There are 2 protein chains.
Amino acid sequence: MTLILSNDDVEKLLTMPDCIAALEEAYVEMAEGRGISRQRSDCITPTTYSDDAIYGLKSMDGVVPKLGVGAIRINSDIVTNPLVGNTRRRVKIPAAPNDRYVGLVLLFSTHNGEPLAIFPDGVLQRMRVGATNGLGVKYMARQNAETLAILGSGWQAETQLTAACSVRDIKSIRCYSPNTENREAFSARMSETLGIPVTPAAQPEDAVVGADIVMCGSNSLDPIFFQKWVEPGMHLSSIKKPEIEPAAIRAAQKVVVHTHDTSPILVVAKGANFRENTKEAGWNAANQLDFKSFPTLPQLIAGYVKGRESDEEVTCFLNNLGLGYQFAAAGSVIYKRAMEQNVGHALPTDWFTETVHP
Amino acid sequence: MTLILSNDDVEKLLTMPDCIAALEEAYVEMAEGRGISRQRSDCITPTTYSDDAIYGLKSMDGVVPKLGVGAIRINSDIVTNPLVGNTRRRVKIPAAPNDRYVGLVLLFSTHNGEPLAIFPDGVLQRMRVGATNGLGVKYMARQNAETLAILGSGWQAETQLTAACSVRDIKSIRCYSPNTENREAFSARMSETLGIPVTPAAQPEDAVVGADIVMCGSNSLDPIFFQKWVEPGMHLSSIKKPEIEPAAIRAAQKVVVHTHDTSPILVVAKGANFRENTKEAGWNAANQLDFKSFPTLPQLIAGYVKGRESDEEVTCFLNNLGLGYQFAAAGSVIYKRAMEQNVGHALPTDWFTETVHP
């Protein structure tokens, strides 16, 4: 049978520690060349949805033979690029029936090829980002790190905190995000979820000063953390290229990136009203850094490069680009737990296989 | 609702003329830059299935805004490379439960992103190859072409004939393939299917001599059609790079290829017992041709280059590489017909969409 799972199922089945452990094992496989990933591709066209919107069909693949799975993650997006304040934001529209988004993970067995499961990507998408930056914290932050600043109060910020708290004994968290209401609501909610005091900060400086770990978890296309805020012993963490000012990255003694993969393969149709992220000032600045000159997280975890070597070092982990590989690694845990716990709609595997030679 | 269709459904829903018409329209879109395709990618790893087998996760995407669809085609294969006679063959193993293959097409709407349908790729895979070479015949063979030679008697050969007979008034067909039993059974079956006499030939020369159209539809990794057999006015057609000897291709006045896409993106894991096709002598020879120097089928159909200009010219169409784009174009017809005829398992679209931002 092939399992159809929901985001609720995924949320119940996959814990952050499980997700971190699966990625950790998979990254060793990747560093050794035994696990592989295919760079994301974005096909961009016009859409009849609206003149200023685009349609995007995006995919990324990865295979982790040790975990017995391959995965492909697919997004079928309607996207607009409104100007919010002075900043251009990329906004996905839930345009599918019942106002829903479209993102899917298909999980296959490397043992016999069979389709094991199909599930939406939303919950796993943020968990794998969190888990990846959590591994950055695990391998780079001070062992005794206790205070954490989070810049951002959206859905990415939440899993950043969950992940960091899974790998360090965090005692207090300060949250800054530009909207007062958002940061207060987020802080209240996360205090309860984590059982750790999360305090809203009126200015970013108030959040980051004295923090052992600073995590950026925003949707900004411009820098939100600057060199002037860097303190000895800090661990800096970012979920996308432009969040940390390049000068702040250069101020770190140890910088590790998620992957040496370059930007996605981009295929754009004539007439698509498409703005490349890289055209934004923040991305431009970030791209002046040579990401390939930094070691990768898999290399760090597999022991090919050293992490932090003293309590005074500034360390920095840049989650520069996501990988389909992460969906395979975490997907293997989701599938295993779903089978154990009898969760999901079980459809006949024959519906997704064939007798005709493909 | 999202439709789950079977190969039987696809076979009933999509006629060859419909498939040819959809591709024809889509190729114009592609030539104009309004339709786009993402190069195939192959992720290759070891598998526990057997020591000499590999696991392959392959994907290709395409979007045809004019037809309102994007598609991704995924293959999850167990593959061996046995030596059959003197020739190395790539053999897919139906290793999934109930001895089945795994190939899927997912079809999405460019209007709102929704997942429209999921169906196996097997029937469409061969129909789109046939339809593509059928378009080669339509735009390049002599208008009065009546006799056709087919080299091959397998599953690809069948749709090659169906396609050619959809675009020309073919009166007789001769079939050569090395195995007597196969070519006789194929000829008998296709005579009945097409209502046109299909005669088995004991030697390839007997099949091709005097033929207006010669179609290669084999699984050979070495040339099966040679320069010495070229006659004035012939149209040559091939479904993969090595089938036609490069000297025979050079003997044609007009050569058109399917695509300027190069070989697939290939990611191979350490330990995978992988033999690249391109290492075979036939592929090596074929790759000495500069495929990018030839115009493409979309350019031909859109009128950017000329097809045949006289009855004496030798023309040649090389279907050098498949495209995810074809699955989108033909998929749009399959979906439309399925909705009209109420075919397939209709699952709630909510199962394949989400409220969580991906």
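In which handedness does α4(B) pass α5(B)? The crossing of α4(B) over α5(B) is right-handed, a term for a near helix turned clockwise from the far one by less than a right angle, anticlockwise being left-handed. This is a predicted model, in which local features need pLDDT of at least 70, side-chain atom pairs count only at pLDDT 80 or more, and totals for chains, interfaces and linings use all residues. Residues are numbered from 1 along each chain as its sequence is written, while chains are lettered from A and ligands numbered from 1 in the order in which they are written.

**Helix pair in chain B**

- Helix α4 (residues 155-167) and helix α5 (residues 180-194) of chain B have axes that come within 11 Å and cross at roughly 30 degrees; axes are lines fitted to C-alpha atoms, for helices over the stretch in contact, with angles from 0 to 180 degrees between N-to-C directions.
- α4(B) and α5(B) are therefore roughly parallel (angles under 35 degrees; over 145 is roughly antiparallel, 65 to 115 roughly perpendicular, the rest oblique).
- B:Ala157, B:Glu158, B:Leu161 and B:Cys165 of α4(B) make the contact with B:Phe186, B:Met190 and B:Leu194 of α5(B), where contact means C-beta atoms, placed from the backbone, within 7 Å.
- The classes in this contact are six nonpolar, no polar and one charged (nonpolar: Ala, Val, Leu, Ile, Met, Phe, Trp, Tyr, Cys and Pro; charged: Asp, Glu, Lys and Arg; polar: the others, Gly among them).

**Chain A against chain B**

- Chain A and chain B each put 68 residues into their contact.
- On the chain A side, β4(A) gives the most, with seven residues; helices (H or I, at least four residues) and strands (E, at least two) are DSSP runs numbered from the N terminus.
- That side of chain A divides into 31 nonpolar, 25 polar and 12 charged residues.

**Domains of chain A**

- Chain A splits into domain 1 (2-124 + 324-352) and domain 2 (125-263 + 275-318), with bounds from an automatic or database domain assignment.
- The C-alpha centres of these two domains of chain A are 23 Å apart.
- Their contact takes 25 residues from domain 1 and 26 residues from domain 2.
- α2(A) supplies the largest share of the domain 1 side, 10 residues.

**B:Leu23**

- B:Leu23 sits in helix α2 (residues 16-31) of chain B.
- B:Leu23 counts as buried because it has 27 C-beta neighbours inside 10 Å (buried: 20 or more other C-beta atoms within 10 Å; exposed: 12 or fewer; partly exposed: in between).
- Leaving out residues up to four places away in sequence, B:Leu23 touches B:Arg128, B:Ala131, B:Thr132, B:Leu135, B:Gln326, B:Ala329 and B:Ala330.

Notes. Contact = placed C-beta atoms within 7 Å.
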